[in-house]
Amino acid sequence: MDPLALLAGAATAAGACASLCMYLRARRAEQEVARLRSELNVERHAASHDALTGLPNRRAFYQRGATLVADLDRHPLVAIVLDVDGFKQINDVYGHSAGDAVLVTVAQRLVACAGPGLVARLGGDEFAGLIACRGGPPEEQADRLAEALAAPMPLGGHTITVSASVGLVPVEPFAHLADTVHRADAAMYRAKRARYRPHLTAQHVLHTTLRLGKPRQPVEKDPTRPTSAT
């Protein structure tokens with residue numbers, strides 16, 4: 001056999017092996033980059049979402065919520081803050097795993113009511129949301145939310161009904177989100193106190209929440225009335 005042909009064949013084989021090695025190295029590098037990118041995405045998601053319910057956490061709610069409030073195309077909006085009534089008793093009677101199941105169910109029902117809005121778990125049994133007010137007045141949205149949350153849910157061979165105290169307030173354009181959530185939170189606690197009054201029904205509580213949660217209107221000064229000296 002011609003020695004030159006042998007050398008040419010060996011060179012070709014060596015080149016093919018080198019190309020194959022480079023290809024395999026490139027594939028391994030691409031796979032490693034994809035793995036690192038996937039891990040980074042998982043870490044980012046974990047940093048901004050609640051591990052139990054999968055909802056955005058408090059930090060993500062305020063970040064995304066501020067953008068949502070500033071977008072005039074998304075108005076009118078209502079802000080809600082709610083927590084589950086008697087949640088400690090649920091944990092005590094049925095166990096913490098049952099309490100976790102209740103929180104997951106409440107989160108799912110809240111997301112279904114919110115539609116394209118933003119819903120988050122602030123911590124414990126407290127949730128918050130920014131919901132578009134396009135399907136009717138806030139009172140109707142509050143009624144739908146209360147009905148959805150009060151639907152019976154299966155729990156370890158039992159069926160329980162969970163109620164929630166809801167604070168609901170309208171969101172003013174360009175409002176500071178923290179102030180809006182504070183008003184909704186205050187309305188929620190007023191509703192919680194009202195729930196323990198036996199003469200008030202759930203409907204009364206919701207309407208009381210709406211009434212107390214509305215932003216205070218500025219009082220017009222009487223120009224003819226003298227002002228007191230400072």
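This is a predicted model: local features need pLDDT of at least 70, side-chain atom pairs count only at pLDDT 80 or more; totals for chains, interfaces and linings use all residues.

I began with Lys88 and Asp92, whose side chains meet in a salt bridge at 2.9 Å, N to O. (A salt bridge here is a side-chain nitrogen of Lys or Arg within 4 Å of a carboxyl oxygen of Asp or Glu.) The two sit 4 residues apart in helix α3, so about one helical turn separates them. Helices (H or I, at least four residues) and strands (E, at least two) are DSSP runs, numbered from the N terminus.

Residues are numbered from 1 along each chain as its sequence is written, and side-chain values use heavy atoms, with hydrogens and water left out.

Are Lys88 and Asp92 buried or exposed? I found Lys88 exposed at 56% relative accessible area, and Asp92 exposed at 53%. (Buried means under 20%, exposed over 50%, partly exposed in between, with a 1.4 Å probe and protein chains only.)

Next I searched the whole structure and got 4 salt bridges. One of them joins Asp83 to Lys192, with the closest N and O atoms 3.0 Å apart. That pair links distant parts of the chain, 109 residues apart: Asp83 is in strand β1 (residues 77-84) and Lys192 in helix α6 (residues 177-195). Asp85 also meets Lys192, at 2.8 Å, N to O. I noted that Asp83, Asp85 and Lys192 are linked in a network of salt bridges. Asp83 is buried at 9%, and Lys192 is buried at 16%.
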